[in-house]
Amino acid sequence: MALHHFPPTVNPQEVAEHLADRGYAIVDRVVGPQLLDRLASELEPFVRNSDVGQDQYDGAFTKRTGALIARSPTSRELVMHPLAIATVERFLRHATAVQLLLTQLITIEPGETRQKLHRDQMMFDLYPFPPHYHVQCNTMWAITDFTSENGATHICPGSSGLTDAAAAEIDPIQAEMERGSVLFYEGKVLHGGGANTGTRPRQGVNITYGVGWVRQEENQFLACPTEIARTLDDDLLRMMGYQQGAFSLGYVGDQLDPLAVLRGSNTKAGRIDAYAPHNEVLDAFADEAADHQSN
Ligand SMILES: O=C(O)CCC(=O)C(=O)O
């Protein structure tokens with residue numbers, strides 16, 4: 001069995017719907033070789049100096065290279081790629097704001113074994129988010145081809161709403177994809193990196209996004225020094241967290257707007273209407289809660 005692939009012309013709404021239904025979506029050949037080569041050469045010195053992991057998640061033959069926005073101008077194009085942003089905004093439409101959670105080039109070297117299957121939302125202190133509430137939406141951009149030999153990500157399609165015991169019954173399928181393709185997956189789906197039984201490294205850029213009210217996995221305010229942040233455009237900065245994450249979250253000092261403070265002004269932060277009528281998801285929670293009470 002193979003995972004479903006969409007063409008690069010796919011509508012982001014279709015990607016978001018497939019994500020909601022199956023927990024993942026693959027879009028083929030979204031970016032071209034020039035961008036990938038540029039990105040790989042900007043990051044090569046940092047990869048050379050990155051350490052391999054220390055535990056079962058990080059992997060003894062896997063290098064994780066972060067702070068991509070500061071280190072690689074090209075990575076900013078992936079962070080703000082229109083297909084990624086449009087998909088994330090649709091998938092997390094129940095949130096007042098979305099933000100970047102992490103940027104990481106994952107290099108799985110030959111000899112690496114399979115990563116333990118896991119659900120990424122566990123990082124939020126194992127909080128039991130309700131089945132309808134998605135806290136994050138992730139991307140894995142294939143910088144090399146992803147193959148069954150070199151460690152393509154394993155995905156258990158449809159595992160998101162299941163208990164761990166039921167999800168463990170689903171056979172994982174590898175997200176084999178050509179260089180330049182992107183795998184979307186959400187925080188509830190069981191997944192993990194593959195074993196690299198080949199002779200060359202597998203490289204993927206992992207960029208994850210989340211609702212605006214949780215803590216970022218990679219601290220963007222320190223990972224990207226202020227001198228570099230000041231050179232970036234406003235949309236990217238807002239995505240990095242220079243905005244309020246929900247009603248009043250994340251202002252600076254006397255209720256100032258974070259982006260304005262970075263730019264040297266003292267504009268007051270606006271109030272975000274946390275109750276904007278943009279979410280049927282909240283209606284679904286209300287139904288779920290009502291069912292729960294009547295049982
Ligand atoms: O590298 C991969 O394919 C997946 C990595 C992953 O799931 C993780 O590190 O949490």
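Residues are numbered from 1 along each chain as its sequence is written. Because the model is predicted, local features need pLDDT of at least 70 and side-chain atom pairs count only at pLDDT 80 or more, while totals for chains, interfaces and linings use all residues.

**The ligand shell**

Eight names belong here. Ile-106, Gln-115, Met-140 and Thr-153 surround the ligand, together with His-191, Gly-192, Gly-193 and Gly-204. A residue is near a molecule or strand if its C-beta atom, placed from the backbone, lies within 6 Å of it. By class, the shell holds two nonpolar, six polar and no charged residues. Ala, Val, Leu, Ile, Met, Phe, Trp, Tyr, Cys and Pro count as nonpolar; Asp, Glu, Lys and Arg count as charged; the others, Gly among them, count as polar.

**Helices H1 and H5**

Helices (H or I, at least four residues) and strands (E, at least two) are DSSP runs, numbered from the N terminus. Two packed helices are described by the angle between their axes and the distance between the axes. Helix H1 spans residues 12–22 and helix H5 spans residues 82–91. Their axes come within 8 Å and cross at roughly 50 degrees. Axes are lines fitted to C-alpha atoms, for helices over the stretch in contact, and angles run from 0 to 180 degrees between N-to-C directions. H1 and H5 are therefore oblique to each other. Angles under 35 degrees count as roughly parallel, over 145 as roughly antiparallel, 65 to 115 as roughly perpendicular and the rest as oblique.

H1 passes H5 in a right-handed crossing. A crossing is right-handed if the near helix is turned clockwise from the far one by less than a right angle, and left-handed if anticlockwise. On the H1 side, the contact is made by Pro-12, Gln-13, Val-15, Ala-16, Leu-19 and Ala-20. H5 brings Leu-83, Ala-86, Thr-87, Arg-90 and Phe-91. The contact of H1 with H5 has eight nonpolar, two polar and one charged residues. Two residues are in contact if their C-beta atoms, placed from the backbone, lie within 7 Å.

Ala-86 sits in helix H5. Ala-86 and Gln-13 are 73 residues apart in sequence, yet 8.0 Å apart in space, C-alpha to C-alpha.

**Burial of single residues**

A residue is buried if 20 or more other C-beta atoms lie within 10 Å of its own, exposed if 12 or fewer, and partly exposed in between; C-beta atoms are placed from the backbone.

| Residue | C-beta atoms within 10 Å | Class |
|---|---|---|
| Ala-86 | 15 | partly exposed |
| Arg-29 | 16 | partly exposed |
| Ser-248 | 13 | partly exposed |
| Leu-237 | 20 | buried |
| Thr-147 | 19 | partly exposed |

Most residues other than glycine have a negative phi. Arg-29 is not a glycine, but has a positive phi of about 45 degrees. Arg-29 lies in the loop between strand S2 (24–27) and helix H2 (33–49). Ser-248, also not a glycine, has a positive phi of about 65 degrees. Its loop runs between helix H9 (234–240) and helix H10 (258–262).

Leu-237 is in helix H9. Leaving out residues up to four places away in sequence, Leu-237 touches Ala-229, Leu-232, Tyr-242, Leu-259 and Leu-262.

Thr-147 lies in the loop between strand S5 (136–142) and strand S6 (154–155). Thr-147 touches Ala-152 and Glu-176, again not counting residues up to four places away in sequence. The C-alpha atoms of Thr-147 and Glu-178 are separated by 8.3 Å, and the two residues are 31 apart along the chain.
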